[in-house]
Amino acid sequence: MATGYASERKRFVPIRTDSLVDNTAAHFDVYTLLEGGDGNAKPEDFLLYAKAPYTWTLRELTDLTRVGIQDLFIDESQRRNYDRYLRLHLETPEIDRNEEPRFRIRKVQDIGQHLVESCFLSDIDQQVVGKLEGVANELVLCLKEDPKSVHHIQSLAEYDLYTYVHSVGVGTLTTAVAMKMGISDPEELKTYAMGGILHDVGKKLVPLQVLNKPGPLLPEEWEMMKAHPTTGFELLKALDLPKEVLEIVASHHEKIDGSGYPDGLMGNEIPVHVQVATIADIFNALTTTRCYHRKRSRFEALMFMKHHLRGKVSPDVFNALVACLVSEKELKDE
Ligand SMILES: [Fe+2]
Ligand SMILES: [Fe+2]
């Protein structure tokens with residue numbers, strides 16, 4: 001993509017036709033260069049071929065290459081969408097399983113964040129779910145090999161990355177707590193990881209000004225916010241996902257005393273995997289700087305939860321969280 005074609009309004013950059021993938025939605029306009037156009041092509045030499053969002057088919061892509069169209073063009077202002085598309089559909093994450101889990105988990109987290117970002121910025125389809133399952137699987141492998149690798153996941157880097165970082169962080173911690181509670185079957189652990197990664201996906205339909213509001217929410221804003229578990233469930237229910245994953249998404253804000261939302265479930269009405277994800281979610285949120293609170297240390301967060309969530313979360317799950325996060329020495333060192 002070294003060359004570009006400038007016009008007064010747009011700068012066109014070539015993309016390879018074979019970078020487009022069958023049955024995928026592209027969120028960028030694609031242009032063709034009319035015959036005879038070259039490096040000095042004028043704007044009128046470019047023809048809008050596919051207006052976003054556009055679903056490419058194998059047949060169409062084959063026809064294009066058959067008539068010799070190897071290059072297509074995009075408007076540079078939509079480059080970010082194209083990059084995201086490439087990341088989602090083409091790049092196969094390369095994870096070196098010989099690398100130590102504490103380093104490897106960072107890379108897995110990074111890949112997971114990009115995928116969660118894709119879920120938020122474009123449609124969630126079976127393909128992205130399949131890739132997230134790959135991430136969940138790698139998280140389980142890292143944690144099984146070295147449970148302490150949970151300490152090495154990255155905390156918040158940039159403000160607007162919050163939800164993506166948070167999602168993978170919750171997926172990792174949910175899995176680690178489940179392991180502490182004695183779950184060892186990799187397939188079962190994978191559902192914990194997937195549930196944690198996807199738990200807040202319904203927030204993609206909450207307006208950003210509500211999501212990132214520093215002050216208290218107005219009643220109508222709070223209603224929008226409270227809809228995210230149900231919205232997430234609705235977005236995912238048609239996909240091929242285990243019911244445990246959907247339950248985590250739908251119920252991760254329920255509390256065992258019935259004070260949670262959306263259904264006010266109580267005690268055992270809330271499945272254990274949901275209770276684990278809930279605790280991981282609260283802990284991850286408390287230990288991250290947000291517009292409405294500063295970051296707490298692990299110790300402060302656990303103390304906060306101990307005092308403010310008494311009767312609201314399962315003591316057994318809370319103890320498993322404590323056990324998987326801290327040792328006496330680590331608390332003293334903090
Ligand atoms: Fe949530
Ligand atoms: Fe969350």
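Helix α6 crosses helix α11 in a right-handed sense, that is, with the near helix turned clockwise from the far one by less than a right angle. The model is a predicted one, in which local features need pLDDT of at least 70, side-chain atom pairs count only at pLDDT 80 or more, and totals for chains, interfaces and linings use all residues. Residues are numbered from 1 along each chain as its sequence is written, while chains are lettered from A and ligands numbered from 1 in the order in which they are written.

**Packing of α6 and α11**
- The two axes, lines fitted to C-alpha atoms over the stretch in contact, lie 10 Å apart at an angle of about 50°.
- Thr-191, Tyr-192, Gly-195 and Gly-196 of α6 meet His-273, Val-276, Ala-277 and Ala-280 of α11, contact requiring C-beta atoms, placed from the backbone, within 7 Å.

**Helix α10**
- Val-245, Ile-248, Val-249, Ala-250 and Ser-251 of α10 (residues 243-251) are buried, with 20 or more other C-beta atoms within 10 Å of their own.
- The cover over these buried residues includes α6 (186-198), α9 (228-236) and α11 (272-286).

**Nonpolar core**
- The largest nonpolar core has 57 residues, among which Val-177, Ile-197, Ile-279 and Leu-321 touch the most other members; a core joins buried Ala, Val, Leu, Ile, Met, Phe, Trp, Tyr and Cys residues through C-beta atoms within 7 Å.
- Beyond its neighbours within four places in sequence, Val-177 contacts residues including Val-276, Ile-279 and Ala-280.

Definitions and conventions: Buried ≥ 20, exposed ≤ 12 C-beta atoms within 10 Å, placed from the backbone. Contact = placed C-beta atoms within 7 Å. Helix = DSSP H or I, 4+ residues; strand = E, 2+ residues; numbered from the N terminus. Axes fitted to C-alpha atoms, helices over the stretch in contact; angles between N-to-C directions.
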